[in-house]
Amino acid sequence: MWSFAVSIGVVLPFPFYYVLWRRPQLWVELCGNGVDPSHRMAQVSHALKVIQFISLFSVSSFSWPPWYCWLLFIVGQYLNFKVYQLLGESGTYYGVRFGKEIPWVTEFPFGYIKDPQYIGSILSLLACLCWAPFTYVFLWILGYLFMMKVESWEDPTTRAKLF
């Protein structure tokens, strides 16, 4: 029963991301007038990320990791940091889907790595394999791969209209 709860905790954010990607107008309307939908998505996403981490940590056993875990984690977090630095909150949290104008970015890692934020997150998760059971890390990575696929096809006509 505990493994089921951990699995749910690990994959919990992905249905949320899926619905927001596919039905952005619904989220904009739910947020209401005067509320930035990207900022609200970031708030909910951070709460869901805490649940993911607690779930994974609850089944982990900690010891000093091998050097390559440090390397994977540092490279992964660098990619995440760089994406957020270049896109900002609105660019990272579906601003374009919510009807915002997000400038096109070509600076590294964009143009060099497809889906750099997801790749960075996957590298960071692979670093966690020295502590966490494979099953849960694999589930989390599957969630990222699923969202990479979902986000690879966007119909601009389904973008939301801001109030």
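Where is Lys82 found? Lys82 is found in helix 5.

## Basis of the report

This is a predicted model, in which local features need pLDDT of at least 70, side-chain atom pairs count only at pLDDT 80 or more, and totals for chains, interfaces and linings use all residues. Residues are numbered from 1 along each chain as its sequence is written, and side-chain values use heavy atoms, with hydrogens and water left out.

Helices are DSSP runs (H or I, at least four residues), numbered from the N terminus. Lys82 counts as buried because its relative accessibility is 13%; buried means under 20% relative accessible area, exposed over 50%, and partly exposed in between, using a 1.4 Å probe and protein chains only. Leaving aside residues up to four places away in sequence, Lys82 touches Glu107, Phe108 and Pro109, where contact means heavy atoms within 4.5 Å.

Ser90 also lies in helix 5, which covers residues 67-92. The side chains of Ser90 and Lys100 are joined by a polar contact of 2.8 Å. A polar contact is a pair of N or O atoms within 3.5 Å; within protein, one must be able to donate a hydrogen and the other to accept it, and residues adjacent in sequence count only if both atoms are side-chain atoms. Residues up to four places away in sequence again excluded, Ser90 touches Asp36, Ser38, Gly95, Val96, Lys100 and Ile102.

## The loop between helix 5 and helix 6

Most residues other than glycine have a negative phi, and most peptide bonds are trans. Pro109 lies in the loop between helix 5 and helix 6, and a cis peptide bond, with omega of about 10°, joins Phe108 and Pro109.

Tyr94 has its place in the loop between helix 5 and helix 6, and its phi is positive, near 60°, in a residue other than glycine. Asp115, also placed in the loop between helix 5 and helix 6, has a positive phi of about 55° although it is not a glycine. With 23% relative accessibility, Asp115 counts as partly exposed.

## Aromatic rings

A pair of aromatic rings is described by the distance of the centres and the angle of the planes. Rings of Phe, Tyr and Trp (its six-membered ring) pair if their centres lie within 6.5 Å; planes under 30 degrees apart count as stacked, over 60 as edge-to-face and the rest as tilted. By this rule the count comes to 16 aromatic pairs. The pair of Phe14 and Tyr17 is edge-to-face because the ring centres are 6.0 Å apart and the planes stand at 80°. Both Phe14 and Tyr17 lie in helix 2, three residues apart, about one turn of the helix, and both are buried. Tyr94 and Phe98 form a tilted pair, with 6.4 Å from centre to centre and 55° between the planes. Tyr94 counts as buried at 7% relative accessibility, and Phe98 is buried with a relative accessible area of 0%.

Ring pairs also link Phe14, Phe16, Tyr17, Trp27, Tyr118 and Tyr144 into a cluster. Over the ring of Trp21 sits the charged end of Arg97, 5.0 Å from the ring centre. A charge sits over a ring if NZ of Lys or CZ of Arg is within 6 Å of the ring centre and within 35 degrees of the ring normal.

## Helix 7

Helix 7 comprises residues 134-152; at 1.5 Å a residue, its 19 residues should span 27 Å, and its end C-alpha atoms are 27 Å apart, which agrees. The expected span of a helix is 1.5 Å times one less than its number of residues. The buried residues in helix 7 are Tyr136, Val137, Trp140, Ile141, Gly143, Tyr144, Met147, Met148 and Val150. Their cover includes helix 1 (2-11), helix 2 (13-22), helix 4 (37-58) and helix 6 (116-127).

## Cysteines

The structure holds zero disulfides, a disulfide being a pair of cysteine sulfur atoms within 2.5 Å. The sulfur of Cys69 has its closest cysteine sulfur in Cys130, 3.4 Å away, which is too far for a bond. Cys69 counts as buried at 5% relative accessibility, and Cys31 is buried with a relative accessible area of 12%.

Technical notes: Helix = DSSP H or I, 4+ residues; strand = E, 2+ residues; numbered from the N terminus.
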